[in-house]
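Dear colleague,

Please find below the structure that I am handing over to you, followed by a short account of what was found in it. I would be grateful if you read the account with the structure open.

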Amino acid sequence: MTIASPTAPPARPAPAGPAAPAAPPDLAALAARHGLTVSGARPTLPAYVRQLWSRRHFITAFATAKLTAQYSQARLGQLWQLLTPLLNAAVYYLIFGVLLGTADHVPDFVPFLVTGVFIWTFTANTITAGTRAISGNLGLVRALHFPRAALPVALALQQLQQLLFSLGALIVILVGFGQLPTASWLLAIPALLLQAVFGTGLSMAVARVAARTPDVSQLVPFLLRTWMYASGVMWSVDKVVGDRDLPHLVALALQYNPAAIYIDLVRFAFIDSFTADRLPPHVWAAALAWAVLCGAGGFLYFWKAEEQYGRG
Amino acid sequence: MAENPTRPTGEPTPTVVVDGVHITYKVNGPRTGRGSATSALSRIVSRGAHPGLREVHAVKGVSFAAYRGEAIGLIGSNGSGKSTLLKAVAGLLPTAKGRVYTAGQPSLLGVNAALMSDLTGERNIILGGLAMGMTRDQIRGRYDDIVDFSGINEKGDFVSLPMRTYSSGMGARLRFSIAAAKSHDVLLIDEALSTGDARFRRRSRQRIEELRREAGTVFLVSHSNSTITESCDRALWLEAGVLRMDGPAKEVVAAYEEFTAAGNRSAAGNKGGAGTGTGKQPAR
């Protein structure tokens with residue numbers, strides 16, 4: 001015991017040493033000689049994309065697991081997947097349809113409103129999920145290796161699955177209010193896919209910010225509510241832009257607000273009285289542009305801080 | 001090969017090289033000052049200097065090289081930075097200064113965080129396996145082994161029940177079984193040997209032994225000195241974030257035991273705590 005302790009103990013004390021790899025400089029050389037790589041370094045972008053793709057099964061399993069775990073303690077179980085959006089729509093109908101009388105200005109108000117609420121909820125929930133993507137899974141981030149983008153992507157996928165349940169409820173409501181299925185319903189698929197990419201990108205950006213500054217998650221609900229009221233969820237954007245004498249920039253901002261674009265595209269797909277002339281010009285191009293811009297931008301922004309997630 | 005651990009020139013292949021590593025935690029949580037809204041506001045306004053942010057210097061300039069075929073034990077009292085160092089080797093914690101070089105991807109043994117108590121054991125096995133980076137085919141191939149090894153089906157069909165219905169021992173056994181299903185180049189084990197009852201401990205020790213043979217290098221953090229001397233040939237002793245000793249497991253453990261005994265005698269009672277006598281566990 002005492003043989004080794006006097007010789008070895010201060011292997012490398014000097015905590016106040018200089019920044020350079022101080023005492024044995026041959027350690028770095030040793031590592032280089034044998035081709036060791038720095039642990040925990042951020043992978044290159046192509047490598048990162050490859051890693052993410054190879055974890056696709058984990059992403060889908062994680063999303064489905066989260067979704068099924070969500071209501072597993074409730075008596076009604078998975079029925080809440082349907083009930084929650086329906087109750088939401090009922091509340092908005094009570095306030096905006098009955099109490100405030102918005103219904104008088106918009107044809108097919110109930111399908112209009114319910115579509116708006118469901119599609120908006122998808123965007124909002126995806127972004128809210130982003131605030132908890134890292135902070136809510138710190139244990140996972142600190143224990144296992146995987147591209148961290150898997151977390152916001154999985155949570156966004158969970159919201160997409162949730163949306164499919166909502167769409168089921170939506171179709172029942174649509175048919176109940178006389179909107180019968182037509183070929184144009186298929187247009188909802190590209191619209192929702194673009195919206196999903198848009199939301200996932202935004203969610204990744206929010207995830208990075210919230211991982212660094214957890215306070216952001218307190219702020220996001222207020223931003224989202226403001227955004228919702230500006231996005232024509234319960235009122236018609238084209239009507240307001242057409243009727244009022246708004247400054248050009250304000251009208252443009254209202255029309256090309258991504259949330260409003262995706263909502264109106266789905267309304268255009270589902271509701272007969274929501275015709276093409278109620279959409280702003282080049283609406284599909286705008287929907288695609290928003291998806292690419294936010295999807296790629298959010299992913300890049302998230303990847304840039306990859307090695308920092310999970311720090312105390 | 002634990003004879004000359006510092007740097008045998010040339011011959012053995014290093015798998016992990018830790019070069020002058022410092023690790024600091026930034027703690028955002030309970031601050032020293034008052035928690036009133038106005039003081040929080042003033043902290044936000046006067047940002048820059050991070051007045052409320054406390055730094056914990058967990059690892060202070062540790063250097064060593066680990067070679068293929070070695071099993072290295074990490075010892076030291078509670079809060080000495082063992083687990084933190086392990087996480088840095090795994091690349092899960094960034095270093096404040098210095099670098100960690102590795103061959104391949106070191107992995108921590110543990111999937112606890114990936115599992116969800118509301119899901120059945122069955123689905124957790126799949127989820128945990130995927131989280132560790134196994135493919136669905138690999139998991140399917142190992143599924144029965146995992147269930148058998150954990151022994152949770154010995155008292156009825158528990159795999160098809162949610163994990164929250166398990167006893168804590170059953171949960172721990174299933175978690176270990178999932179974690180140990182995959183073999184790794186560099187394996188980092190943080191006190192995984194203390195799960196379950198005596199029978200399961202014996203089985204898990206055998207499994208660790210197998211994993212050790214499959215892996216290139218194994219790091220083991222444990223408060224059980226006997227575990228370290230039994231399963232490791234080299235040991236690192238960390239104390240307050242500083243590497244105090246690096247050498248053959250028996251010598252280092254002996255020196256550490258002398259240190260803790262001395263510490264206990266002087267600080268009679270309050271301090272030593274869990275890091276001391278656990279070596280004499282009735283494991284086997």
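**Val292(A) and its surroundings**

In this predicted model, Val292(A) counts as partly exposed because 14 C-beta neighbours lie inside 10 Å of it, and a residue needs 20 or more to be called buried. Val292(A) sits in helix α13 of chain A, which covers residues 283–303. Although 95 residues separate Val292(A) from Val197(A) in sequence, their C-alpha atoms are 7.6 Å apart in space.

**Chain A as a whole**

Chain A contains 13 helices and one strand. In sequence order, its elements follow the pattern α-β-α-α-α-α-α-α-α-α-α-α-α-α. Chain A is more spread out than a compact globule, because its radius of gyration is 25 Å, well over the 20 Å that the globule rule gives for 312 residues. Along the principal axes, the C-alpha atoms of chain A fill a box of roughly 90 × 50 × 35 Å.

Of the 312 residues in chain A, 40% are buried. Taking the contacts in chain A between residues at least 6 apart in sequence, 82% join residues at least 24 apart.

**The largest nonpolar core**

The largest nonpolar core has 160 residues, and its members that touch the most others are Tyr262(A), Val266(A), Leu74(B), Val89(B), Leu127(B), Leu188(B) and Ala235(B). Helix α8 of chain A, residues 188–212, supplies the largest share of this core, with 15 residues. As general background, nonpolar side chains tend to be buried together in soluble globular proteins.

Tyr262(A) deserves a separate word. Leaving aside residues up to four places away in sequence, Tyr262(A) touches Ile119(A), Ala191(A), Leu194(A), Gln195(A) and Ala287(A).

**Confidence in the model**

How far does the predictor's confidence extend in chain B, and what average pLDDT does chain B have? Chain B averages a pLDDT of 78, and 77% of its residues score at least 70. Two stretches of chain B call for caution. Over residues 1–8 of chain B, pLDDT stays under 50, and the model has 14 contacts beyond four places in sequence for them. Over residues 269–284 of chain B, pLDDT also stays under 50, and here the model has 24 such contacts, beyond four places in sequence. Where pLDDT is low, the predicted coordinates should not be read in detail.

For the complex, the predictor gives an ipTM of 0.76 and a pTM of 0.79.

With kind regards

How values were computed
Residues numbered from 1 in each chain as written. Chains lettered and ligands numbered in written order. Predicted model: local features only at pLDDT ≥ 70, side-chain atom pairs only at ≥ 80, totals over all residues. pLDDT = per-residue confidence, 0-100. Contact = placed C-beta atoms within 7 Å. Helix = DSSP H or I, 4+ residues; strand = E, 2+ residues; numbered from the N terminus. Buried ≥ 20, exposed ≤ 12 C-beta atoms within 10 Å, placed from the backbone. Rg over C-alpha atoms; globule rule 2.2 N^0.38 Å. Core = buried A, V, L, I, M, F, W, Y, C linked by C-beta atoms within 7 Å.
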